[in-house]
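Subject: Structure handover

Hi,

Here is the structure I promised to pass on. Please open it first, then read my notes beside it.

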Amino acid sequence: MSFAPYAVAIWIFLVGLYGVVTSRHLMHLVICLSVVQSSTYLLLLGIGYRTDGAASIFVDIPPNTKAVDPVVKALTLTDVVVGAAVTALLLALTVQAKKRFGTLDPDELDPLRD
Amino acid sequence: MSAGESAHTPRRPGEISFATRRTLFLVSALVLAGVMVWALGGVPSFGDYHGVYGLVLNHVAVPERHATNVITAVNFDYRGFDTLGEEFILFAAVLGLALILREGRDEEEGPPDDDASGRRVVGASNAVRLITVLLIGPTVVLAGYVIVHGPITPGGGFQGGVIAATALLFVYLGGEYLTLRRVRPLPAVEITKAAGAGAFVLIGAGGLIFGTAFLANFLPLGTAGDVFSAGTMQPLSVAVGLEVTGGFVLILSEFLDQTLVVRRRGGAR
């Protein structure tokens, strides 16, 4: 019984969340959000792991070799792609926020100004 | 960062201080962490996973679909419909990005920073130029290799597409923005992107016409491990590769344009 990978995933999730809550710079905030998301990669890959399992790619190993779960790996791939898309969108919004408000401090973004 | 730092702006009514916010978070994070640790009790022990679906796929993907990379088989065949959604998430995100970063009413495109008249262009050093020029070709070849071999070895359209887009960064790194503009005709990039997204749907529709269902694998499967094997997986991988390449080139271009070209009317950026 080992839960270390899940514990690390929880730790990364909470650390990233702390960064989001206490952020004083929008760029920093976007990166913290990526940190939060990276915990899900670890969680997914950790769940699908089977002790001594090979990667589920059967090029030079016989097809009946014990291998890790391919479905969570495919999910992680989706996760990475969506993460990249979200990060790009948020950074675009950051660029616009800087243009509109002249600051990147989320506390000073005043929706009533300008 | 000290708690008293928020003093530099007058606090608006109803706004809580930085210290209060952090305390509030730490308390709720502790509760959240407790719930998560409690949930660990219901998670299978690490290395002891028995999800039937994945294990079945591991055993049937090679004999049934002649694809040695089961992850690609999941993405482009068994759960191809989900990948269609994933691809259109990326498509929509890139469209949204282009929309957000469009030229505002009070903005105009100036000459790029490294094209200012009366100033000698300080480009990259010769060493950087040489290395990037040498890297562009192999990067594009590697991208094509990764995309085409998706059903066989680790790789596929998403990974290869991102590699292909980095070739554009090499052009920027080694040359100047002006060179970049010449190698990056945006309408062509947009068409590539849309063609990739459209091709995925068309190949899926091919499954309806020649096979049994949408995204059914209707092409000859070939020999497992061969470059041309696993039926529709490879064309789908190429379609995704085109879309991702186009999408990422657009993302990179939009951000580079923001830093180098677009500025407020009157000169300030």
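Below are my notes, chain by chain and then on the contact and the core.

First, the ground rules. This is a predicted model, in which local features need pLDDT of at least 70 and side-chain atom pairs count only at pLDDT 80 or more, while totals for chains, interfaces and linings use all residues. Residues are numbered from 1 along each chain as its sequence is written, and chains are lettered from A and ligands numbered from 1 in the order in which they are written.

**Chain A**

Chain A has three helices and zero strands. Helices (H or I, at least four residues) and strands (E, at least two) are DSSP runs, numbered from the N terminus. The pattern along the sequence is α-α-α.

What is the radius of gyration of chain A? The value is 19 Å, whereas a compact globule of 114 residues would have one near 13 Å. That radius is taken over C-alpha atoms, and the globule rule is 2.2 Å times the number of residues to the power 0.38. Along the principal axes, the C-alpha atoms fill a box of roughly 65 × 30 × 15 Å.

Of the 114 residues of chain A, 28% count as buried. Buried means that 20 or more other C-beta atoms lie within 10 Å of the residue's own; exposed means 12 or fewer, and partly exposed is in between, with C-beta atoms placed from the backbone.

Take Gly19(A) as a test case. Gly19(A) sits in helix 1 of chain A. Gly19(A) is partly exposed, because 17 other C-beta atoms lie within 10 Å. Leaving out residues up to four places away in sequence, Gly19(A) touches His28(A), Cys32(A) and Val35(A). Touching, or being in contact, means C-beta atoms (placed from the backbone) within 7 Å. Lys73(A) is 54 residues from Gly19(A) along the chain, and their C-alpha atoms are separated by 27 Å.

**Chain B**

Chain B has nine helices and two strands. Their order is α-α-α-α-β-α-α-α-α-α-β. Of its 269 residues, 33% count as buried. Take the contacts in chain B between residues at least 6 apart in sequence: 72% join residues at least 24 apart.

Look at helix 4 (residues 80-100) of chain B. Its 21 residues should span 30 Å at 1.5 Å a residue, and its end C-alpha atoms are 30 Å apart, which agrees. The expected span is 1.5 Å times one less than the number of residues. Its buried residues include Leu90(B), Phe91(B), Val94(B) and Leu97(B). Why do the buried residues line one face of helix 4 of chain B? Seen down the axis, they fall within an arc of 160°, so they line one face. The arc is that of the directions from the helix axis to the C-beta atoms. On the other side, Phe81(B), Gly85(B), Ala92(B) and Leu99(B) are exposed. What covers the buried residues includes helix 3 of chain A, together with helix 3 (70-78), helix 8 (186-210) and helix 9 of chain B.

Now helix 6 (residues 157-174) of chain B. It has 18 residues and reaches 26 Å from its first C-alpha to its last, close to the 26 Å expected. Among its buried residues are Phe158(B), Ile163(B) and Leu168(B). The buried residues of helix 6 of chain B pack against helix 3 of chain A, and also against helix 5 (126-148) and helix 9 (233-260) of chain B.

Ala213(B) lies in the loop between helix 8 and helix 9 of chain B. Ala213(B) is exposed, with 10 other C-beta atoms within 10 Å.

**Where the chains meet**

The contact takes 44 residues from chain A and 48 residues from chain B. Helix 3 of chain A gives the most to the side of chain A that touches chain B, with 15 residues. By class, that side has 29 nonpolar, nine polar and six charged residues. Here Ala, Val, Leu, Ile, Met, Phe, Trp, Tyr, Cys and Pro count as nonpolar, Asp, Glu, Lys and Arg as charged, and the others, Gly among them, as polar.

**The core**

The largest nonpolar core has 60 residues. Such a core is a set of buried Ala, Val, Leu, Ile, Met, Phe, Trp, Tyr and Cys residues joined through C-beta atoms within 7 Å. Ala88(A), Val70(B), Ala73(B) and Val74(B) have the most contacts inside it. Helix 3 (residues 70-101) of chain A gives the most to this core, with 12 residues. Leaving aside neighbours within four places in sequence, Val74(B) is in contact with Pro70(A), Val71(A), Ala74(A), Leu57(B) and Arg79(B).

Best wishes

Conventions
Contact = placed C-beta atoms within 7 Å.
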